[in-house]
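Here is a short note for a colleague who is meeting this structure for the first time. Please read the points with the model open.

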Amino acid sequence: MPKPTYRLENPDTEVYIGDCREVLNALPEKSVDLIFADPPFNWDVPYGEWDDGQPREEYLHFTYQWLDACLRVLKDHGSFWVNIPDDTAAEIVLHLKQRGMVMINWCIWHFRFGQHRTGNFIVSKVHVLYFAWDRNNRIWNPEAVLEPSDRAAIYDDPRTRRTKQPGLRVPLDVWYGPLWGRIQGNNKERRKNHQNQIPEVYLERVIRSCSNEGDLVLDPFLGSGTTCTVARALRRRSLGIEYSSRNAQSAFERIRSGPVRLNATLSQTNSFMVHRRRGGNNLRNHTSDGLETPTE
Ligand SMILES: C[S@@+](CC[C@H](N)C(=O)[O-])C[C@H]1O[C@@H](n2cnc3c(N)ncnc32)[C@H](O)[C@@H]1O
């Protein structure tokens, strides 16, 4: 069994440096409650040691290998989330279905500042695939991620006050909003020298809804450390794997200092609509710090 390079206690938080396929294959079978994976997209991003420009066949081979290594360590009631762009979403969905997993949601993470282009429509989304082994036997905490419904926040519909959770609903499967942009520019979450950092609110939703305190959360592509940072703050144990030693060190520093936006969106509507009489909505309460800033 490899040893973690970085480690914290209470709750246990471990960072391993290496190829996730090797580390995963050395972990005990069925030992993890929740996996969140945001792999390299093979877009020639300078990740340091990792070659992000592999021939397509090699990249697909790598993809199927890490997917299978994740499935081996996932508990029977576990959840598996994958963040992936258009290029490889179909292959991943098919592979997981062929391995017997059940798709619970195919969510979309929508952001407003994609890379400028003229040859086709500008990319403004990533696929957020949510799979489990068993739809009826999985950790699922909808009450931990409720948000104001449009019916309550925008239309003042009195019927929403008579529900079990007045005015609240489970979030939609398209995720967006001022704090949901790509982390770049002067965003206060931003970690220098990291590529494709995911917003904390995104991981908070995944971790709160699909794990409980004390559970083990795993991220095979730790990057800047978003998953372990949020998991630790939410009292989950976590294990992150990162190929680049520089990234792993920086991620560990971030995990130690903690998140900057915990609980930031739980009571906010993220509706595009404005209140039918007052004209505004909670989106306008945010400072510009949280907003996306274009870079390309
Ligand atoms: C898309 S980034 C992850 C970003 C992360 N979700 C965040 O919020 O910062 C992918 C990361 O995976 C790492 N990586 C690439 N191949 C790897 C492998 N085989 N095993 C472990 N880490 C790998 C890269 O160095 C990079 O830091």
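The points below go from the whole chain to the sheet and then to the ligand.

1. This is a predicted model: local features need pLDDT of at least 70, side-chain atom pairs count only at pLDDT 80 or more, and totals for chains, interfaces and linings use all residues. Residues are numbered from 1 along each chain as its sequence is written.

2. The radius of gyration, taken over C-alpha atoms, is 19 Å for the chain, which agrees with the value near 19 Å for a compact globule of 296 residues. That rule is 2.2 Å times the number of residues to the power 0.38. The C-alpha trace spans about 60 × 45 × 40 Å along its principal axes.

3. The chain has seven helices and 11 strands. These are DSSP runs, numbered from the N terminus: helices are H or I of at least four residues, strands E of at least two.

4. Nine strands make an open, mixed sheet, ordered β1-β2-β11-β10-β3-β4-β6-β5-β9. Strands pair if DSSP finds at least two bridges between them. β1 (6–8) and β9 (174–175) are the edges, each pairing on one side only.

5. The ligand is surrounded by 21 residues (C-beta atom, placed from the backbone, within 6 Å). Asp38, Phe221, Gly223, Ser224 and Thr226 are the closest.
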